[in-house]
Each structure stands twice: as C-alpha cells, then as structure tokens.
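Colleague: I am new to this one. Could you walk me through how its helices are arranged?

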Amino acid sequence: MRVFVQSLDGEVRKWFIELTQRYIADIEALYYAFLKHWGDKKDLLYYNTNFGNLKRENGELLSNFNKRFNCMYRKIAVEVKPTTTSAKITYVSAFDSDFCLLLRER
C-alpha cells in the first residue's frame, strides 16, 4: 500500500491523506475505496446487470469465482442491490446445471 500511495499526487493524494486513520485495513479495502471514489461512474443498473449475468468459467477455481462474485456484488449501488436471497439464487445459477441442482438441494 505504501508504494501505491507514493504514486498518488494532486487531488487523489489529498483524498488519501484525509481518510480517517484505520479506514483502510488492507490493500483490497484500499482498492475498493479508491474505485468507489475515483473509478468510472456507471449507471445504477450497470453492475446489477453484470452481476445477474455472472457465470463460472470452465476450469475456474471456486475460490476465484467467489472473489469475482463478491467483488461484483459489492460494486452494486445500495439503491438497486439485490436482496440476500436473490444474490444466493444468482450465485447458484452461475454454475453448470448438475452443480446447480446440488446447491439448490442444500
């Protein structure tokens, strides 16, 4: 994180310095805080639509898919964020049909 912070200047550096102490716990938290403040501003439904279209890739590790899934879920604006139940249904639907049936049984 320290190396990244040294690369900041201008308004971005000012933003970082003004963050409250312990606001950023790790590099992932810094990543999300940075994108939330400085990243591309998408319309409210952009991430929600992409979230609904998520599919696990062939050969993708479950842990990698889970990270991708959670990352996309966190990007969705609160105003349009799916309920927890809806997110679980989206998660199950992201897998092939055999695995999907096993998850739904659970």
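Colleague: At the start of α3, which residue's side-chain oxygen reaches the backbone nitrogen of Glu-28?

Modeller: Keep in mind that this is a predicted model. The oxygen lies within 3.3 Å of that nitrogen, at the start of α3. The residue that supplies this side-chain oxygen is Asp-26.

Colleague: How far does helix α3 reach from its first C-alpha to its last?

Modeller: Helix α3 covers residues 27–38, which is 12 residues. At 1.5 Å a residue, 16 Å is expected. The model comes close to that, with a reach of 16 Å.

Colleague: Are α2 and α3 oblique or roughly antiparallel to each other?

Modeller: Helix α2 spans residues 10–18, and its axis comes within 12 Å of the axis of α3. The two cross at roughly 125 degrees. Roughly antiparallel would need an angle over 145. The pair is therefore oblique.

Colleague: Which residues of α3 make the contact with α2?

Modeller: The crossing of these two helices is right-handed. From α2 come Glu-11, Val-12, Trp-15 and Phe-16. On the α3 side the contact is made by Leu-30, Ala-33, Phe-34, His-37 and Trp-38.

Colleague: How many residues of the contact of α2 with α3 are nonpolar?

Modeller: Sort the contact residues by class. One group holds 1 polar residue and another holds 1 charged residue. The nonpolar residues number 7.

Colleague: What is the relation of α4 to α5, oblique or roughly antiparallel?

Modeller: Helix α4 is residues 44–52, and its axis comes within 8 Å of that of α5. They cross at roughly 155 degrees, and the crossing is left-handed. An angle over 145 counts as roughly antiparallel. That makes α4, relative to α5, roughly antiparallel.

Colleague: Which residues in α5 does α4 meet?

Modeller: Helix α4 brings Tyr-47, Asn-50 and Phe-51. By class, this contact divides into 5 nonpolar, 1 polar and 1 charged. The residues met in α5 are Phe-69, Met-72, Tyr-73 and Lys-75.

Colleague: Is the crossing of α5 and α6 right-handed or left-handed?

Modeller: Helix α5 is residues 62–75 and helix α6 is residues 84–93. Their axes come within 12 Å and cross at roughly 140 degrees, which makes α5 oblique to α6. The crossing is right-handed.

Colleague: Which residues of α6 make the contact with α5?

Modeller: Helix α5 contributes Leu-62, Phe-65, Asn-66, Phe-69 and Tyr-73. The contact has 6 nonpolar, 3 polar and no charged residues. From α6 the residues are Thr-84, Ala-87, Thr-90 and Tyr-91.

Methods: Residues numbered from 1 in each chain as written. Predicted model: local features only at pLDDT ≥ 70, side-chain atom pairs only at ≥ 80, totals over all residues. Heavy atoms only, no water. Helix = DSSP H or I, 4+ residues; strand = E, 2+ residues; numbered from the N terminus. Expected span 1.5 Å × (residues − 1). Polar contact = N/O pair within 3.5 Å; in protein donor to acceptor, adjacent residues only side chain to side chain. Axes fitted to C-alpha atoms, helices over the stretch in contact; angles between N-to-C directions. Parallel < 35°, antiparallel > 145°, perpendicular 65-115°, else oblique. Left-handed = near helix turned anticlockwise from the far one by under 90°. Contact = heavy atoms within 4.5 Å. Nonpolar A, V, L, I, M, F, W, Y, C, P; charged D, E, K, R; others polar.
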